[in-house]
Amino acid sequence: MEQGPISTTEAINKLIQELNKLPSIGPKSAQRLTYYLLRAPEEQAKLLAEAILSVKQKTRLCSVCFNVTESDPCLICHSDQRDPTKICIVEQPQDILALEHTRIYNGRYHVLHGAISPTEGVGVGSIRIKELLERLKDSSVGEVIMATNPTLEGEQTAMYLHRLISPLGIRVTRLARGLPFGTELEYADDVTLTHAIEGRQEF
Ligand SMILES: [Zn+2]
């Protein structure tokens, strides 16, 4: 392990290093969080540690839509309140969170777990495309909504899927333009997302 400054302890350095591995947590933030936890009541630290472990131990992927879930099928796939004739395709589980937050969409989802990116070596076989096609076969699905990110990879993925799905006689739509190019769905605000879903267009 890297030697920390002499004014700290090994335990403190270890926590700083681990927090620093998290996305958008730089060395300064990692230090600040570590010293915050050091001062916080032991109960709070315990709850945080338990929450981190339980997210790893209790959640798995829904065998239908590949969203993260504690029960299989997930609550959305299981619910008879959701329209089974619509499937919205997203790149990541957190995109579902953003779309659900708008309360405007009442269909089901399919999580690809990535987007096709030849430059990063993410090929067609590395994301859940095969499972999607399997799901569409002999199903009552009448509309597939492309909600991949408005990025180069997201667009490529949507175009690829459109070529595969439209010959099946299923309507393919995409979220309305208005999401700025290069942004990710999970960071879009509710109003923009609501307009994007309501104004969805033929692919
Ligand atoms: Zn599901």
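The crossing of helix 6 and helix 7 is right-handed, a term used when the near helix is turned clockwise from the far one by less than a right angle. This is a predicted model, in which local features need pLDDT of at least 70 and side-chain atom pairs count only at pLDDT 80 or more, while totals for chains, interfaces and linings use all residues. Residues are numbered from 1 along each chain as its sequence is written, and side-chain values use heavy atoms, with hydrogens and water left out.

Helix 6 covers residues 129-136 and helix 7 covers residues 152-165, and the two pack at an angle of about 30° with their axes 12 Å apart. Helix 6 is therefore roughly parallel to helix 7, a description that applies to angles under 35 degrees. From helix 6, Ile129, Leu132, Leu133 and Leu136 meet Tyr160, Leu161, Leu164 and Ile165 of helix 7, where contact means heavy atoms within 4.5 Å. The residues of this contact divide into eight nonpolar, no polar and no charged.

Turning to the whole, the protein chain has eight helices and seven strands, taken as DSSP runs (H or I of at least four residues for helices, E of at least two for strands) and numbered from the N terminus. Its C-alpha trace spans about 65 × 35 × 35 Å along the principal axes. Of the 203 residues in the protein chain, 37% are buried, that is, under 20% relative accessible area with a 1.4 Å probe. Among contacts in the protein chain between residues at least 6 apart in sequence, 56% join residues at least 24 apart.

Technical notes:
Axes are lines fitted to C-alpha atoms, for helices over the stretch in contact, and angles run from 0 to 180 degrees between N-to-C directions. Angles under 35 degrees count as roughly parallel, over 145 as roughly antiparallel, 65 to 115 as roughly perpendicular and the rest as oblique. Ala, Val, Leu, Ile, Met, Phe, Trp, Tyr, Cys and Pro count as nonpolar, Asp, Glu, Lys and Arg as charged, and the others, Gly among them, as polar. Buried means under 20% relative accessible area, exposed over 50%, partly exposed in between (1.4 Å probe, protein chains only).
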